[in-house]
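Reader: I have this one open on my screen and want to go through a few spots. Can you take my questions as they come?

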Amino acid sequence: MANEITTEQHPEATGTVTVYLSPFVSVGACFVISVIYVASLYVWNSKHDRDHPSTIKRRFFSVFVVMLVAPFFVLTLTSKDVFQRYTMWQIMGFRKEGLFTATFVPLLLTMVLFLGPLSVQLSNGIWRIYSEPMYWMNAVRNLVWLRNHLVAPLSEEFTFRACMLPLLLQTFRPSIAMLITPLLFGLAHLHHIKERLQNGRPLREVLIISFFQFFYTTIFGIYSAHLFVRSGHFVAPFVVHAFCNHMGFPDVQEVQSQPQRKKYLFIGFYVLGLVGWIVLLPTLTTPSWYTNNLFWAGEL
């Protein structure tokens, strides 16, 4: 059962925040979980790179073991006061209430953000490929595709959102909790430095690439944490993460190489998508849309 920790009150402009766990416990537990996740990728001695089938299969096994271990942090550290009202699975985002909305609305919101890249794909005929059954049959047999679209989003969102945020939200205001896990998420991606150096890339190039990756994974982590906290559902950040992995970072060079008229049209779609996402974000992540009545929802 959960450890019982004295409740403190911190005054805020909007009222009070109930603190169920000390910062040392919640942040410390999240740090340990992130270390376990990254370490699990390197427990195997292998001369192959990260895209080799044997490496991918071993890492699949490792992260699934982490997914079995990580919930025990939530189970053993969560305050009894919280467990009197909710189950462990509910605070980890596995709820039936609002599930349909959480599956599709955040995805549609993210597609608005990617309006520019999606319009480029439509113009290039890539969308027609997605209508081919053989594309999907080949994809699900491809270990790299499965890693990028299923296993990585599933394991990362489960570990860094579903297991960490319920602990941090017992200590901090949601606005603070949503900033801590993205930093751990971004730092966790720095392990690619080792792999890039082993592949013979120059140190300067490796540091530039890794810093950029840390930056955009942290930004994405903030968005993903925002979706989890506001919706109270694991499926929201998971589906969005899979979609973003599929889209990749927007290829601005491809836009620049387009004919003049098309180029300005695509730039317009990029701007429209960003503005539309900013405008729609507060409304489409309204907690009541997702029947989010979890213990932190009243502080949003």
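**Working through the model**

Author: Start with W44, which sits in the loop between α1 and α2. Keep in mind that this is a predicted model.

Reader: Which residues make the nonpolar surface patch?

Author: The patch is made by F31, V32, V35, I36, V43, W44, F61, V65, L68 and V69, and covers about 880 Å². Two elements, α1 (23–40) and α2 (53–69), each give two or more residues to the patch.

Reader: Where does UniProt put the feature "transmembrane region"?

Author: The unreviewed UniProt entry places it at residues 20–39, 60–79, 99–120, 206–228 and 264–284.

Reader: How far apart are the end C-alpha atoms of residues 206–228?

Author: They lie 32 Å apart, and the span is 100% helix. For residues 264–284 the figure is 29 Å, again with 100% helix and 0% strand.

Reader: Moving on. Which residues of helix α7 are buried?

Author: In α7, residues 115–124, the buried ones are G116, P117, L118, S119, V120 and Q121. They pack against α6 (99–113), α8 (126–130), α15 (235–247), α16 (252–256) and α17 (260–284).

Reader: What follows α7?

Author: G125, with a positive phi near 85°.

Reader: You listed α6 there. Where is L109, and is it buried or exposed?

Author: L109 is in helix α6. L109 is buried, because its relative accessible area is 1%, and buried means under 20%.

Reader: What does L109 touch?

Author: Leaving out residues up to four places away in sequence, L109 touches Y223, W277, L280, L281, L284 and T285.

Reader: How far is L109 from K57?

Author: Their C-alpha atoms are separated by 33 Å, and the two residues are 52 residues apart along the chain.

Reader: Last one, H149. Which helix is H149 in?

Author: H149 is in α10, residues 143–163.

Reader: And why does H149 count as buried?

Author: Because its relative accessibility is 17%, and the cut-off for buried is under 20%.

Reader: What does H149 touch?

Author: A242 and H246, not counting residues up to four places away in sequence. With H246 there is also a polar contact of 3.1 Å between the two side chains.

Terms used: Residues numbered from 1 in each chain as written. Predicted model: local features only at pLDDT ≥ 70, side-chain atom pairs only at ≥ 80, totals over all residues. Heavy atoms only, no water. UniProt positions renumbered as here; feature names shortened; annotations may be inferred. Helix = DSSP H or I, 4+ residues; strand = E, 2+ residues; numbered from the N terminus. Patch = residues over 30% accessible without salt bridge, like charges linked within 9 Å, V, L, I, M, F, W, Y side chains within 5 Å. Areas by Shrake-Rupley, 256 points an atom, 1.4 Å probe, with all protein chains shown as cover. Salt bridge = Lys/Arg side-chain N within 4 Å of Asp/Glu carboxyl O. Buried < 20%, exposed > 50% of the residue type's maximum accessible area, 1.4 Å probe, protein only. Contact = heavy atoms within 4.5 Å. Polar contact = N/O pair within 3.5 Å; in protein donor to acceptor, adjacent residues only side chain to side chain.
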